[in-house]
Every structure is written in C-alpha cells, then in structure tokens.
Amino acid sequence: MWAASCLASCCAACACDACRTVVSSISRRSARIAYCGLFALSLIVSWILREVAAPLLEKIPWITQFNQTHNREWFETDAVLRVSLGNFLFFTILAVMMVGVKSQKDPRDSLHHGGWMMKIISWCLLVIFMFFIPNEIVSFYETISKFGSGFFLLVQVVLLLDFVHGWNDKWVGYDEQFWYIALFVVSLVCYLATFVFSGLLFHWFTPSGHDCGLNTFFIVMTLICVFLFLIVALHPAVNGSILPASVISMYCTYLCYSALASEPREYECNGLHKHSKAVSTGTLTLGLLTTVLSVVYSAVRAGSSTTLLSPPSSPRAGAGKPLLPLDKADEHEEKEKAKPVSYSYSFFHIIFSLASMYSAMLLTGWTTSVGESGKLVDVGWPSVWVRIVTSWATAGLFIWSLLAPILFPEREF
C-alpha cells in the first residue's frame, strides 16, 4: 500500500513537471498554436462526453429538473453544449480583455502570450462550472449558437475571397509569361474538377427511380453560379481573372456536396445512406479534423486580415519618449516593446468564440438530429440548409467583390 502511494505521488509529480515544461515552452511565436491546441482539446472533451456522459447527467438533479422526459440523445447534446459554452466564455472573456491592444508595450500583450498555467486552470474551471448552471441558460446558448455558427461560416467565406484575390494579384504582379501560364493551368484544373465533381453529384444524389427534385435543384443552381462567375469575371467592364472564379466555383461545388452528404442517411436520395454504419466513425473524425483546420486557418488569418479588420496603427514617433536617455540594452528592449502587434488579439479570440458555437452545432447535428444520424457529425436537414445558404452567400459575395469597384468607383475595396 505504501509503495503504491509512493508510485502514485511520483506519477503525479512527473505529470505536473511535464505540464510545467510544456507551458513554459510556449513562446510568443507558438502562442497561437497553443490556443488552437486548447480549442482542439475542447473538441476532444466534447466528443468523449457526448459518448459517455449521458448516464452521469441523468443523475444530476438540477439538469433533470424538467416537466417532460428526455431521451439519452438529449443528455448527449446537453453535455456538448455545456462544454462549448465554457469554451465560448473563455475566449469571449479574453477577446474583451484584449480590446484596444495596439503595441507590445501594452501589459495585456504579455497576458495574451503568457500565463498559460493560469489560462488552462481557468478553462477547466469554466467548463466544470457549466455543469452547475440551469438548463435555461444552456437552451438560450443553443439558440444563439445557430446564429453564431452562421456568422463563423460567413467570416470563412470573406477570408477565402480575400485569399483568392490576393493569390491572383500576386501572380499577376510578377508580369511574367510563366506566371500567366500557371494562372491558366490552375484555373483549368479547378474548372475540370468542378465539372467532374458536379457529374458525380448527379450520380450519387439523384438516383433513378426516386423523386430527387430538391437535390437536382441544388446541383443545377450551383452550376448556374459557376457559369455566372465566369461570365462576370471575363466581362470587359469588370476586367477580372478566371483564377478567383475557378477557385470559388470549386469551393461552391464542394459546399453543395457537403450539403447533400449531410442529408439524413435514411433519405432515399442520399447516395451515401447504404454506408451509414461504415462511415459513421470516419465522418465523425473527418468532421472534427476539418473543423480544427478551418478554425486554425480562420483564427490565424482573420487576426491579421486587412479585409475584416485594419491592422493596428504603429505608435507615433516620439510618443512615450523617456525624459532621460537609455543605454543601448534598455533602448533596444524599449524598441522591442513599442512594436505594434502583428494581428488583432481581440478578433483572434472572437474567431475561437464563434468556432466554439460552430463545433457544438456540428457535434449535435444542429441539435435536431434523430435516429442513427444522431451519431454522425453534421448530418441532418439543418446542416443541409446551412451549407446551401453558405454556398449562395459565397456566390453573392464573390459577384459583389467583382461589381462593387464598378458600381462605386470612388470607394476603395
């Protein structure tokens, strides 16, 4: 018994030392990766609790206080929403605290990049505390999460448009034949992939012998948008490029596929319904991995994107100048601290707040999934319409990005 106690103490001490080592190794450059890792941890915790927490939640009095009897799936959804709410509050609090940070001289800059042991403990306490709040608060968070998730998808669309236009401008800026050929080749590949993929969509999601008019409508609308992109981009008045049009066309086709694949597995027009059991674990893993990667990209890019938020202004020359001259070492340190931040800390955390809502909706099937589809990620009619509306929003924003400079020539876009 004594030996076992000593062994447990040694293991606990080693674990604490390992945590301290990991936390102390997080530097200014790796802080964003650490935040992404913390978000990924929240997804893993949500996934695990969704599978095992239902029997435990059924025994908690303040959670089971309701007039009607709920099934096991309700408790699985409730566990995911509570973890998501804790994660949302954690990043929202950080976003509020970081409002107005413009230079590394601000004391809050150190808080953003350091204090990781305190942050991890605070995150754990927030998540645990969420299991002690009333069901009404969780229900309200569930409602606003649907709107927050839509806004997160809209932010991703804006970032994608910013990326493809920047990509095109960079290659055109080289003004060399090689890069013009590269533009043409990449555009051609994207269009070939778009049309081949569209043919597969007709094959998979409009099987013969079934009335699949809705699926046909979705696919045809996507193809109409593809041709509309090309026509508008090549119009002489627009003077656009086919590279952004081809990339957005491929992305809209992917969103259409994602929407159709999210249809309930028992739906007769879903060509994947026969493989529902075989793909359930793979779909879950792919959904989580895609979410993590999209959040990492959105958070890292949105924080420094000039499209969504202008970069912080540099400190004025001579501002905050000391009365007495500093020696060289202190002067160098003062200059380092006075550097403007490279991205918006507040907006960086807002992205994670919105992503917390979005990941909760994915893991719960937008809180309306039933039957076997409830065990899959992002499956159900709400998921279908969210993807389709996102695709249409992407099309509208892309066309607006081409026409806006012509309609409002005096404004900068």
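A disulfide is a pair of cysteine sulfur atoms within 2.5 Å. This predicted model has one such link, found by a search of the whole structure.

**The disulfide**
- Cys-212 and Cys-269 form the disulfide, with sulfur atoms 1.9 Å apart.
- The angle about the S-S bond is -90°, and the link of Cys-212 and Cys-269 is left-handed.
- The pair joins distant parts of the chain, 57 residues apart. Cys-212 sits in the loop between α8 and α9. Cys-269 sits in the loop between α10 and α11 (276-304).
- Both Cys-212 and Cys-269 are buried.

**Other cysteines**
- Cys-252 has a relative accessible area of 2%, so Cys-252 is buried.
- Cys-190 is also buried, because its relative accessible area is 7%.

**Helix α9**
- Helix α9 covers residues 213-233, which is 21 residues. At 1.5 Å a residue, α9 should span 30 Å. The end C-alpha atoms of α9 are 30 Å apart, so the two values agree.
- Buried residues in α9 include Asn-215, Phe-218, Ile-219, Thr-222 and Leu-223. Cys-225, Val-226, Phe-229, Val-232 and Ala-233 are buried in α9 too.
- An α-helix has 3.6 residues a turn, so residues three or four places apart point the same way.

**Helices α4 and α13**
- Two packed helices are described by the angle between their axes and the distance between the axes.
- The axes of α4 (residues 72-97) and α13 (residues 345-363) come within 8 Å. They cross at roughly 170°. Angles over 145 degrees count as roughly antiparallel, so α4 is roughly antiparallel to α13.
- The contact of α4 with α13 has twelve nonpolar, seven polar and no charged residues.
- On the α4 side, the contact residues include Val-80, Leu-81, Phe-88 and Phe-91. On the α13 side, they include Ile-350, Phe-352, Met-357 and Met-361.

**A loop residue**
- Asp-175 lies in the loop between α7 (135-173) and α8.
- Asp-175 has a positive phi of about 50°, although Asp-175 is not a glycine.
- Is Asp-175 buried or exposed? Asp-175 counts as exposed, because its relative accessibility is 57%.

How values were computed: Residues numbered from 1 in each chain as written. Predicted model: local features only at pLDDT ≥ 70, side-chain atom pairs only at ≥ 80, totals over all residues. Heavy atoms only, no water. Helix = DSSP H or I, 4+ residues; strand = E, 2+ residues; numbered from the N terminus. Expected span 1.5 Å × (residues − 1). Buried < 20%, exposed > 50% of the residue type's maximum accessible area, 1.4 Å probe, protein only. Axes fitted to C-alpha atoms, helices over the stretch in contact; angles between N-to-C directions. Parallel < 35°, antiparallel > 145°, perpendicular 65-115°, else oblique. Contact = heavy atoms within 4.5 Å. Nonpolar A, V, L, I, M, F, W, Y, C, P; charged D, E, K, R; others polar.
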